[in-house]
Amino acid sequence: MSGLSIPIDGSGTTHATNVLAPNASPMTLDGTNTWILGRGERVAVVDPGPDDEVHLSTVLKRLGERAVDVILLTHGHEDHSGGARRFAEMADAPVRALDRTHVLGEEGLADGDALTVGGVEIRVIGTPGHSFDSMCFWLPEDGALLTGDTILGRGSTVIAPDGDLADYLRSLDRLRAMAELAEAESLLPGHGPILPDPIGKLDEYIAHRRQRLDQIRQAIRDGAKDAREIVEMVYAEVPKELWPAAEMSVAAQLNYLKSL
């Protein structure tokens with residue numbers, strides 16, 4: 001990483017604008033990216049973020065006179081969905097998600113769904129893996145893919161306890177094929193800056209996962225007996241405050257290897 005500061009808040013594409021939540025941490029990077037989609041009188045808001053009244057009010061202020069047609073969730077983890085119910089009250093809008101426990105209104109979300117908000121088409125792509133309910137949103141007019149936590153602006157994605165590595169690998173392969181076929185121009189992640197080389201980043205993610213699996217196989221051959229010992233050997237370069245997250249990913253990788 002260079003010392004250059006990458007602007008995240010306010011960044012975006014023709015029909016997508018970022019509002020950065022003030023919840024920076026080792027796990028959330030600079031904070032959660034809330035995305036406003038649309039340039040017309042009505043918009044969609046993706047991932048309102050944590051239940052933070054200041055952030056939710058900031059999102060509303062950025063909208064100006066525009067109204068929220070729908071709130072979409074890439075997945076149900078608290079840093080993305082915690083503020084959804086409150087924001088739905090503030091914006092008088094429904095919440096759509098794959099996990100019905102987060103849905104407010106009549107409609108959920110499913111792979112293959114398509115909606116148009118303020119003249120902007122949004123296509124829903126099911127990408128389980130990071131979590132069981134992870135979704136991505138494709139904006140064909142912008143050539144942009146909103147990736148939630150499936151792809152991050154920096155670093156690699158953790159496989160959460162409600163996720164699955166086999167699903168995740170399939171999701172990466174699906175996105176890689178889609179990015180090439182649709183000539184995707186950018187990835188808009190749930191954390192971190194916009195990524196201008198979708199195919200390059202997806203290739204990097206796929207290679208990284210395969211490399212980690214090889215490293216874990218070697219650690220087991222070298223005598224590692226559990227996830228913690230594997231982390232100490234394979235993730236030695238990772239800051240120790242991230243080791244609990246690394247253990248989650250190792251557990252997912254061990255389950256994957258056992259299933260082969």
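**Entry 1: what I started from**

What do the buried residues of H5 pack against? I looked up helix H5 and found that its buried residues pack against H4, E11, helix H6 (227-234) and H7. I note that I am reading a predicted model, in which local features need pLDDT of at least 70, side-chain atom pairs count only at pLDDT 80 or more, and totals for chains, interfaces and linings use all residues. Residues are numbered from 1 along each chain as its sequence is written, and side-chain values use heavy atoms, with hydrogens and water left out.

My terms are these: helices (H or I, at least four residues) and strands (E, at least two) are DSSP runs numbered from the N terminus, and contact, which I also write as touching, packing, covering or meeting, means heavy atoms within 4.5 Å. Buried means under 20% relative accessible area, exposed over 50%, and partly exposed in between, with a 1.4 Å probe and protein chains only.

**Entry 2: helix H5**

I then listed the buried residues of H5, which are Pro198, Lys201, Leu202, Tyr205, Ile206, Arg209, Arg212, Leu213, Ile216 and Ala219. The expected span of a helix is 1.5 Å times one less than its number of residues, so the 24 residues of H5 should span 34 Å, and the 35 Å between its end C-alpha atoms agrees with this. Just after H5, I found Gly223 with a positive phi of about 110°.

**Entry 3: H5 against H7**

Two packed helices are described by the angle between their axes and the distance between the axes. For this I used axes that are lines fitted to C-alpha atoms, for helices over the stretch in contact, with angles from 0 to 180 degrees between N-to-C directions. The axes of H5 and H7 come within 11 Å and cross at roughly 80°. That makes H5 roughly perpendicular to H7, since angles of 65 to 115 degrees count as roughly perpendicular, those under 35 as roughly parallel, those over 145 as roughly antiparallel and the rest as oblique.

On the H5 side I noted Arg209, Arg210, Arg212, Leu213, Ile216, Arg217 and Ile220, which meet Ser249, Val250, Gln253, Leu254, Tyr256 and Leu257 in H7. By class, this contact has seven nonpolar, two polar and four charged residues, where Ala, Val, Leu, Ile, Met, Phe, Trp, Tyr, Cys and Pro count as nonpolar, Asp, Glu, Lys and Arg as charged, and the others, Gly among them, as polar.

**Entry 4: helix H4**

Next I turned to helix H4 (residues 165-182), whose 18 residues reach 25 Å from the first C-alpha to the last, close to the 26 Å expected. Its buried residues are Leu165, Ala166, Tyr168, Leu169, Ser171, Leu172, Leu175, Arg176, Met178 and Ala179. What covers them includes strand E8 (120-126), strand E9 (135-139), strand E10 (144-148), helix H5 (198-221) and helix H7 (243-259).

At the start of H4, a side-chain oxygen of Asp164 reaches to within 3.1 Å of the backbone nitrogen of Ala166; I treat this as a polar contact, a pair of N or O atoms within 3.5 Å, where within protein one must be able to donate a hydrogen and the other to accept it, and residues adjacent in sequence count only if both atoms are side-chain atoms. Ala177, also placed in helix H4, is partly exposed at a relative accessible area of 47%, and its C-alpha is separated by 9.6 Å from that of Leu202, 25 residues away along the chain.

**Entry 5: loops on either side of H4**

Is Glu183 buried or exposed? Glu183 is exposed, with a relative accessible area of 63%, and its place is in the loop between H4 and strand E11 (186-189). Its phi is near 55°, a positive value in a residue other than glycine.

In the loop between E10 and H4 I looked up Thr157, which is buried with a relative accessible area of 2%. The side chain of Thr157 reaches the backbone oxygen of Asp149 at 2.8 Å and that of Thr150 at 3.2 Å.

Last, I looked up Ala227, whose place is in helix H6 and which is buried, with a relative accessible area of 16%. Leaving aside its neighbours within four places in sequence, Ala227 is in contact with Glu247, Val250 and Leu254.
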